[in-house]
Amino acid sequence: MMRDLHDHLKTRYRLGDLAERRANLAFVDVARADLRALLVELRDVHGFTHLSLLTAVDWIEEGRFQLTYLMNNRTANRSLGLRVFLDRADPVGDTIHDLWPTAATYQRELREMFGIAFPGSPRVDEEFILEGWTDMPPYRRDFDTLAYSQQTFSDREGRETHDPRAHMAKKLNPEGQR
Amino acid sequence: MKDIDKSFRKDTETEFPLREELKPRSVTAPDGQVIEIDPLQDYFCQEPPKVHKQSYFRIVEDFYNWARAHSLWILGFGTGCGAIEMRPLMTPRFDAYRYGIQWRPTPRQANLLVISGYLSVKTLKRAIRAYEQMPQPKYVVGLGSCTINGGMYWDSYNTIKRLDDYLPVDLYIAGCMPRPEALLAGFMDLKKLIRKGKAEGANKYAENFDWYKANQKSVIKDWDMPDYNW
């Protein structure tokens, strides 16, 4: 089913290969310029009326952000994820709040947590859940949350941490026999 | 894959700007009179908290402490997941009311602030406001390991690790989360502390007010309230 849809759409949109995770869940890479037309067609023609989520992945090694638009067709019980890649140095996405009003909230979160701009999205530059945040967006992978917390909050003496693998090996095999 | 950058340094340069509506400004009234407005100064008393002096006679102070120990009114402010453990206490199963412990909806009617679990920086600001609005004598109980040393949020960028850096804690109840029985035992311990006159957190807060304020302001960048809100 998903493969038929992919073959049907591939003729008109620049799509990558279909990555099928389950019979009713698949992901496909989309060129950024085709995203909006594809979303509208999927929503209005192919029954993917529900935007389940809009989230981002930080591929720091490749220097790009991935936006995932997960869409759901309720009657057919199928989900299709569209993946769009943005330049990490200057991440600007296209707002889709006029297609799904809920997208404005997702975009506001992505703006705060990943620093991805969505020009035109309502209230996108207001703070979302962080208050008075002045550092880099905390979901970026080069933001080191442990180092930040050590430099911001003071520790209490007496806390011990154990490497789970070494701890269990010592517990299960105290003499260290192999 | 390099996931943790050892050279990470947090940004200590950037200041968070004061909100527009809190900036001092002059307003022209309909009759032409110009009024200077400073929202952070005009509507609040600037008096810092005072140490609550002990009674001259020991026996009178003991009597006061006895009475205080039997009058615990908890502020119903759930900061984290531990708030869920207070619900069974309010209801017949564990029934804290039989020990004379009851919950109130506003800080003005409460004298015990239970920090129930993790405190994000955003919630900390509200907790400080709530604490400072409570009338003396007042007590703080930290619930769960999150308030003691950060618990499972030890590496979180937005959750404080030691509650006693920011508020004077009289008693900690360890656990993740402590069961309602542990809370009841903790409240009984708090009563003993109050009877012995050792629950002096509010006085400690007044004495070390500058230290507490410095700690609070070091994590709350968006400080949009007066130094002491009561």
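1. Two strands are said to pair when DSSP finds at least two bridges between them. In this predicted model, strand β5 of chain B, residues 112-116, meets that condition with β6(B), since the two pair in the parallel sense over five bridges. Within chain B, B:Ser116 stands opposite B:Leu143, a residue of β6(B).

2. Two cis peptide bonds in chain B deserve a look. One joins B:Gln136 and B:Pro137, with omega at about -10°, and B:Pro137 lies in the loop between α4 and β6 (139-143) of chain B. Another runs from B:Cys176 to B:Met177, with omega near -15°, and here B:Met177 lies in the loop between β7 (171-173) and α6 (180-196) of chain B.

3. In chain A, A:Asn77 has a phi near 55°, which is a positive value in a residue other than glycine. The residue is found in the loop between β4 (64-73) and β5 (78-87) of chain A. Is A:Asn77 buried or exposed? A residue counts as exposed if 12 or fewer other C-beta atoms lie within 10 Å of its own, and A:Asn77, with 9 C-beta neighbours inside 10 Å, therefore counts as exposed.

4. A:Arg123 also has a positive phi, of about 55°, although it is not a glycine. This residue lies in the loop between α3 (103-113) and α4 (145-152) of chain A. Because 13 other C-beta atoms lie within 10 Å, A:Arg123 is partly exposed.

5. Finally, the two chains touch: 24 residues of chain B are in contact with 21 residues of chain A. On the side of chain B that touches chain A, α4 (121-133) and α5 (145-149) of chain B each supply at least two residues. By class, that side of chain B has nine nonpolar, four polar and 11 charged residues.

Technical notes. Residues are numbered from 1 along each chain as its sequence is written. Chains are lettered from A and ligands numbered from 1 in the order in which they are written. This is a predicted model: local features need pLDDT of at least 70, side-chain atom pairs count only at pLDDT 80 or more; totals for chains, interfaces and linings use all residues. Two residues are in contact if their C-beta atoms, placed from the backbone, lie within 7 Å. Helices (H or I, at least four residues) and strands (E, at least two) are DSSP runs, numbered from the N terminus. Ala, Val, Leu, Ile, Met, Phe, Trp, Tyr, Cys and Pro count as nonpolar, Asp, Glu, Lys and Arg as charged, and the others, Gly among them, as polar. A residue is buried if 20 or more other C-beta atoms lie within 10 Å of its own, exposed if 12 or fewer, and partly exposed in between; C-beta atoms are placed from the backbone.
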